[in-house]
Amino acid sequence: QNREQTLVLVKPDGVQRGLTGQILARIEAKGYVVEDLKMIVPTREMLTQHYAEHEGKPFFEPLVEFMSSGPVVAARVSGDRVIEGFRSLAGSTEPTTAAPGTIRGDLGRDWGEKVQKNLVHGSDSTESAERELGIWFG
Ligand code: DAT
Ligand code: MG
């Protein structure tokens, strides 16, 4: 068995556009379980930890700025192979070209900005999931 937990974030664009319910519904419809849920405006400090792997990249500052621009919905989600499964459900990073059928592909697009408003975040490995769940759910 491969029971795992992952961190899912509905980013500020998803919350602002009123897509939180649809996104959570897709997670539940696939059979994953929302174990914990909260809405917060993340601090720069949290985001610097969360996006540590991207520090120093040209999109880091705009990304942190965007992510702290409004409320984010954070969810602790469980299920067999949920880390890989949610990444698959979310679709590839760029919403314009993310596959139809995915959250980013169906609900996202480019908005002519440097930052990628791609609606959701999902942990990319068991190590990331453990680290990120610690940041968002302590
Ligand atoms: P993902 O969110 O698909 O795991 P990532 O971890 O590589 O992608 O990047 C984290 C976020 O940073 C991503 O959701 C959007 C933003 N981002 C990544 N690459 C970018 C780029 N080249 N230009 C602008 N924003 C970018
Ligand atoms: Mg990532």
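At which residue does UniProt place the feature "active site"? In the predicted model examined here, this feature is assigned by the unreviewed UniProt entry to His121; such annotations may be inferred rather than shown by experiment, and their positions follow the numbering used here. Residues are numbered from 1 along each chain as its sequence is written, with chains lettered from A and ligands numbered from 1 in the order of writing. Local features require a pLDDT of at least 70 and side-chain atom pairs a pLDDT of 80 or more, whereas totals for chains, interfaces and linings use all residues.

The protein chain has an average pLDDT (the predictor's confidence in each residue, from 0 to 100) of 97, and 99% of the residues score at least 70. For the complex, the predictor gives an ipTM of 0.97 and a pTM of 0.98.

His121 belongs to strand β4 (residues 120-122), strands being DSSP runs of E with at least two residues, numbered from the N terminus. His121 counts as buried because it has 23 C-beta neighbours inside 10 Å; the cut-off for burial is 20 or more other C-beta atoms within 10 Å, with C-beta atoms placed from the backbone. His121 is also part of the shell around ligand 1, together with His54, Phe59, Leu63, Thr93, Val115, Gln116, Asn118 and Asp124; membership requires a C-beta atom, placed from the backbone, within 6 Å of the ligand.

Strands β2 and β3 (residues 72-80) run antiparallel and are joined by 7 bridges, where pairing requires at least two DSSP bridges. Within this arrangement, Val34 stands opposite Val77 in β3.

Notes. Helices (H or I, at least four residues) and strands (E, at least two) are DSSP runs, numbered from the N terminus. A residue is buried if 20 or more other C-beta atoms lie within 10 Å of its own, exposed if 12 or fewer, and partly exposed in between; C-beta atoms are placed from the backbone.
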